[in-house]
Amino acid sequence: MIQKIVVKTLIIVIGLFVISCKHSHENNYHTVTDKIEAKTVSPENLTITSKTFNENIKTVKFAEDGYEFLIPERKSQITSYNCTECHTQPIEKLKQNQVGEKAAHWNIKLAHAGVEIMNCATCHSNGNMDNLHSLTNSEIDFNYSYKLCSQCHQKEFKDWKGGAHGKQLGGWAPPRLSNTCVNCHNPHKPAFEKRWPVRFNTQKVKERQ
Amino acid sequence: MKTLKVFGNLIKDGFLEVTHGSKAYHVWMAVLSFIMLVGMYSYSIQLEEGLSATGMTDRVSWGLYISNFTFLVGVAAAAVMLVLPAYVLKNIDFKQAVLIGEGLAVAALCMCLVFVIADMGGPARLWHMIPVIGVFNFPNSMLTWDVLVLNGYLFINITIPMYILIMRYQGKTPNPKIYIPGVFLSVFWAVGIHMVTAFLYQGLQARPFWNNALLGPRFLASAFAAGPALIIIVLAIIRKFTAFKIPDTTIKKISMIVTVAAQINLIMLVSELFKEFYAPTHHSISAVYLFFGLEGKTALLPWIWTSISLNVVATIVLTFHKLRSNLNILYVVCGMLFIAIWIEKGFGLIVPGFIPGPWGKIAEYTPTLVEISVTLGIWAMGAFIFTILAKTGIAVELGQLVYKKKN
Amino acid sequence: MNNDNKKWYSLNLKKSPKVDSCGCGNDSGSCSGEKTKDGYDQVMNVSMGRRAAFKKITAGFLIGAGAVSSSCSVVSGDENKEKSGIEWEEYFKGNYKLMTDKEKEETVNRLTRSYELRTGEKINMTSKDAEKDVLFGYAFNISKCQGYMDCVNACVEENNQDRATEMQYIRIHEMEDGKGFNFEESDDNYYHEVPAEGHFYMGTQCFHCDNPPCVEVCPVQATWKEKDGIVVIDYDWCVGCRYCMAACPYDGRRFNWKTPEVPEQEVNKKQHYLGNRLRKKGVMEKCTFCIQRSREGQNPACVEACPTGARTFGNLLDPKSNIRWILENKKVFRLKEDLGTEPKFWYYMD
C-alpha cells in the first residue's frame with residue numbers, strides 16, 4: 001500500500017511540473033539582434049512622425065553619400081547676418097585708426113587647434129564675408145558649415161552622418177532632424193567646458209553611511 | 001451534519017480549555033497578547049507611513065520580514081518530516097511529537113503568511129493575487145508557486161490533525177486509510193515548500209549570492225536541523241508543564257535527526273565557503289561582505305560569526321552520543337542550533353544578497369524599532385497560535401476533552 | 001467626461017464588448033492583429049466577470065459595516081460622493097494589461113477627474129498604445145558623456161519622481177580611466193567639476209530588457225513588456241512585494257517607500273497611464289523611456305536634455321534610424337550580457 005501511495009504522489013508531483021512548464025513561447029528569437037533583423041520594416045511603412053516637434057525649427061536639407069536628413073538653418077540665427085551690412089569693405093581697409101582701439105569681434109578668442117594651424121582666415125573669407133571658404137578657397141554657405149568642419153574632422157563627420165555623433169532634435173521618429181556641428185560646438189572654442197554637475201543626491205549619501 | 005456538530009462542540013470545548021489554565025499559563029498568554037498589541041501598533045505606523053518606517057531601502061529591499069519568512073518556512077517544513085517515521089514506520093514513540101510538530105507547522109505557516117503580508121507595500125491590493133479574481137502569474141513567478149504550496153501545506157496540516165483530533169475527541173480510533181495518504185502528501189509537500197522557497201531566491205540571476213545550486217539542498221538541511229531542534233525544546237517545555245507524557249526515547253530519536261541534519265548542513269557550509277574563498281570571483285563579494293565586511297561596513301560580522309561558532313559547537317556536541325544523551329545538554333545545544341540557523345538562514349542569507357548592489361554600491365541595512373516590534377509581534381502571534389493548538393490537542397489526546405452527547 | 005460619470009458610484013461594471021487591444025508584449029497571442037479570441041482573451045473576460053462579482057460581495061460587506069457611508073450618505077457633498085465613488089471604482093479595477101480600450105479610457109478619465117477634484121488642476125493623461133512596427137532601443141556614447149547630470153534633472157522633472165527621497169531613475173557612474181568598467185570603484189554621486197581628469201562617465205537606467213527577469217517574477221503581472229519593447233508597470237496593480245527589484249540585475253527599479261511628494265507647480269501634467277502619472281506609496285516605478293513622449297514620436301527627456309549628444313534613442317525596426325546605424329557601425333556592447341537578459345540599451349565609444 002505504501003508503495004502505491006508513493007508512486008501516486010510521485011506521478012502527481014511530476015505531472016504538476018510538466019503542466020506548469022512554460023507554454024508561452026513569446027520569444028521566438030534567440031537574441032534581440034535576431035528579433036530586430038527579422039522584424040525590420042521598410043522605412044516607407046512607418047507611420048509615426050515627429051514633425052510636430054520640429055515645426056518651429058527652420059531647416060535646410062543635408063544630402064550626401066546616401067544620407068538624407070534635416071539640419072537647422074543657420075543664417076537666420078546669426079544676429080548680425082548679413083556680415084556685409086557692416087563689412088562693406090574688405091578687411092584690409094578696416095585697419096585700426098588708433099593704437100589701442102578695440103577691434104571688432106574683440107571678445108572672440110580662438111581656441112581651436114593651434115595658432116600655427118588656424119586663424120580667422122582659415123574659415124572666414126577676406127573678400128566675401130557672407131560666406132565661409134574651404135581649404136581650397138571654394139565658397140561654403142553658413143548654412144552648410146559642416147563642410148568646413150569635415151575637412152579635418154572626417155571621423156566625426158562620418159559618425160554624424162550616420163547618427164552616432166551629435167544630437168537628434170525633436171523626436172526619434174522620421175523625419176530626422178539633427179543638430180549640425182555649430183549647434184553644439186562653438187567653432188571658435190569647440191571643446192565642451194568643465195562645469196559642476198547640476199545636482200547632488202543627499203539621500204544617497206545618507207543611505208550609504 | 002453530525003461531524004459539524006462535533007466540530008462545533010470541539011471548538012466550544014477547546015475555547016473553554018484555552019481560556020482556563022494555571023497562573024503561569026495566563027501570564028504567558030498575557031505577555032504574548034501584549035507583544036502582539038505592540039506589534040499591531042507598530043504595523044499601524046508602518047501602514048500609515050509606508051515601508052519607509054522600516055530600515056529597508058532601494059539598496060536592501062528585503063529585510064527582517066523576509067528573513068524570518070524564509071527561516072519559518074524551514075521550521076514548518078521540518079516539523080512535518082517527523083510525521084513520516086511516526087505514521088508509516090509505526091514508530092509509536094513519535095506520535096505525540098507529531099501532533100506537536102503539526103501544530104508547530106501550522107503556527108510557523110501562519111507566521112510566514114503574516115510576515116509576507118507585513119512586507120507588502122500595498123497589503124490592501126493583495127486581492128490582485130487571488131487566482132481567478134486577480135491575476136496570478138503562474139507558473140512564471142516563483143512567488144505564486146510559493147503562495148500555492150504554502151497555503152496548500154497549511155490546509156493539509158490543519159485537516160490531518162483536525163481529523164485525528166475529532167476522532168479522538170469522540171473516543172474513536174482514526175482510520176489510517178484516511179489520513180495516511182494525507183500524511184504522505186504532506187511529507188512531499190514539506191520538501192516542496194522548502195525547495196520552492198529556495199527557488200524564489202535561487203532563480204535570480206541578478207543576485208549571485210543566491211544564484212547557486214546548493215541553496216535549495218542547504219535550505220532543507222538547515223531546516224531539518226532547526227525545526228526538530230525547536231520541537232525538542234517545545235517538547236521539553238510541554239513535558240515540564242503538562243501531564244502529557246513524552247518518553248525520553250522520543251526526544252532522543254528526534255535528536256538523532258537534528259544531528260544528521262546539522263552535520264550535513266555543516267558540510268554544505270564548508271562547501272560553500274570553499275567555493276567562495278578558494279578562488280574568489282566577482283561573485284564572491286557578497287560572501288566577503290557577510291564574513292569579513294566590505295569597506296569598513298561590518299554590520300553582519302558579529303551575527304554571522306556568532307552563528308557559525310554556535311553552529312559548529314552545537315554540531316560537535318551533538319555528534320558525541322554521550323553528550324547528546326544528556327537531556328540538559330541537548331536542550332542547550334538545540335537552542336544554540338536554532339539561534340545559529342535563524343541567523344544564518346534569516347538575515348545572514350537575505351541581506352548579503354543585496355550587498356553590494358548591482359553596481360557595487362554598499363548600503364547597509366539596520367532594522368528600525370517599528371520593524372523589530374512588528375517582527376516580535378508576529379513571533380508572539382505564532383507562539384500564541386501554537387499554545388492554543390497544543391493545549392487543545394494535548395487535552396484531547398489525554399482524554400480530558402471528550403465529546404459529550406447532549407441528548 | 002460625459003454623462004457616464006454618474007456611473008462611478010453605481011456598482012455595476014458593465015461588460016463592454018471586447019475590442020481587440022492589448023498592451024502586452026505578446027506578439028503571438030491576442031496582439032496578433034487578428035480579431036480571433038484565444039484562450040488569453042477568454043480567461044480575461046471571465047476574470048473581469050468574477051471581479052465584478054467579488055466587488056459586489058465586498059460592497060455588500062462594507063455597506064453593512066458602514067465603511068462606504070461616505071459614498072452613500074446624503075449629507076456629504078456631491079464632490080465627496082464623487083471622490084469616494086472614484087476611489088471605489090479605482091480600487092476594484094482590473095490589470096491595465098487586460099483592460100479593453102473602453103476600460104482604459106474610463107480609468108484615465110477617473111484618474112484625471114480625481115486629480116481635478118483634489119487639486120482643482122487639469123491633467124492631460126493618455127493611454128496610447130504601442131505603435132505598429134516600433135521597437136525602442138537606446139544607445140549611450142561613453143566617450144561623449146561629460147557627467148553634467150542634465151539628464152537626471154530632466155528625468156526627475158519629466159517623470160514626477162519623488163522629490164523628498166530624491167528618487168532618480170538614471171545613475172551616472174564616474175569611472176577611472178584604465179580600470180575598465182569597474183562599477184565597484186566608480187562613484188555615482190560625485191559633486192565636483194566635471195569631467196574630472198582621468199575619468200569617464202557611464203549612465204545606467206532601466207535597460208528595457210527583451211528578456212526581462214523582473215517581468216517573469218512578478219506574482220500579479222503588474223509589470224510587463226509592451227509591444228514596442230518598453231517594460232512598464234501598472235502602478236495600481238502592483239502589490240509592492242519588490243520581487244522584481246531583487247530580480248533586476250541593473251538596479252533599474254525604484255520603490256516608493258513613502259508617499260511621493262511633487263510640489264503642485266512642478267507636476268508634469270502631460271501624463272501617460274503607464275508612464276509619469278503620479279504614484280502612490282508602496283508601489284514600484286522605473287524608467288519607461290518616457291512613454292508619454294516616446295509613443296508620440298518624441299525623444300525621452302534624458303535624450304533631449306543631454307548637451308553632448310551622448311544619448312541616442314530610436315526605433316530598432318527602422319533601418320534608417322540613428323540607433324540602427326550605431327548598432328551596425330560602432331563597436332557596441334551591453335552590460336552583463338552573460339545573464340541573457342538581452343537589454344535594449346547599448347554602449348559604444350567614438
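**Sheet, helix pairs and contacts**

Reader: Hi! How many bridges join strand β2 of chain C to β10(C), and do they run parallel or antiparallel?
Author: Five bridges link β2(C), residues 136-141, with β10(C), and the two strands run antiparallel. Strands are DSSP runs of E with at least two residues, helices are runs of H or I with at least four, and both are numbered from the N terminus. Two strands pair if DSSP finds at least two bridges between them.

Reader: Thanks. What should I know about the model and the numbering?
Author: It is a predicted model, where local features need pLDDT of at least 70, side-chain atom pairs count only at pLDDT 80 or more, and totals for chains, interfaces and linings use all residues. Residues are numbered from 1 along each chain as its sequence is written, while chains are lettered from A and ligands numbered from 1 in the order in which they are written.

Reader: Back to the strands. Which residue is the bridge partner of Phe136(C) in β10(C)?
Author: Asn315(C) is the partner of Phe136(C).

Reader: And what is the order of the sheet?
Author: The open sheet has three strands in the order β10-β2-β11 of chain C, with mixed pairing. β10(C) and β11(C), residues 345-348, are at the edges with a single partner strand each, so one side of each has no neighbour in the sheet. Neighbouring strands are turned by 20 degrees against each other on average, direction ignored. Angles here run from 0 to 180 degrees between N-to-C directions, and axes are lines fitted to C-alpha atoms, for helices over the stretch in contact.

Reader: Which helix packs on the sheet?
Author: That is α10(C), which touches β2, β10 and β11 of chain C. Its direction makes about 110 degrees with that of β10(C). Contact means that C-beta atoms, placed from the backbone, lie within 7 Å.

Reader: Switching to chain B: at what angle do α6(B) and α7(B) pack?
Author: Helix α6(B), residues 142-169, and helix α7(B), residues 176-202, pack at about 155 degrees, with axes 9 Å apart. That makes the two helices roughly antiparallel; the cut-offs are under 35 degrees for roughly parallel, over 145 for roughly antiparallel, 65 to 115 for roughly perpendicular, and oblique for the rest. The residues of their contact divide into 19 nonpolar, seven polar and one charged. Nonpolar covers Ala, Val, Leu, Ile, Met, Phe, Trp, Tyr, Cys and Pro, charged covers Asp, Glu, Lys and Arg, and the others, Gly among them, are polar.

Reader: Nice. Where do α1(B) and α15(B) meet?
Author: Gly14(B), Glu17(B) and Val18(B) of α1(B) meet Ile388(B), Lys391(B), Thr392(B) and Ala395(B) of α15(B). By class, that contact has three nonpolar, two polar and two charged residues. The axes of α1(B), residues 2-19, and α15(B), residues 369-397, come within 9 Å and cross at roughly 110 degrees. The helices are therefore roughly perpendicular to each other.

Reader: How many residues does the contact of chain C with chain A take?
Author: It takes 52 residues from chain C and 42 residues from chain A. Elements giving two or more residues on the chain C side are α5 (150-158), β10 (311-315) and α10 (322-329) of chain C.

Reader: Last one: which peptide bonds are cis?
Author: One is from Ile355(B) to Pro356(B), with omega near -5 degrees; Pro356(B) lies in the loop between α14 (347-353) and α15 of chain B. Another joins Val194(C) and Pro195(C), where omega is about -5 degrees. Pro195(C) sits in the loop between β3 (171-176) and β4 (199-204) of chain C.

Note on methods
Two residues are in contact if their C-beta atoms, placed from the backbone, lie within 7 Å.
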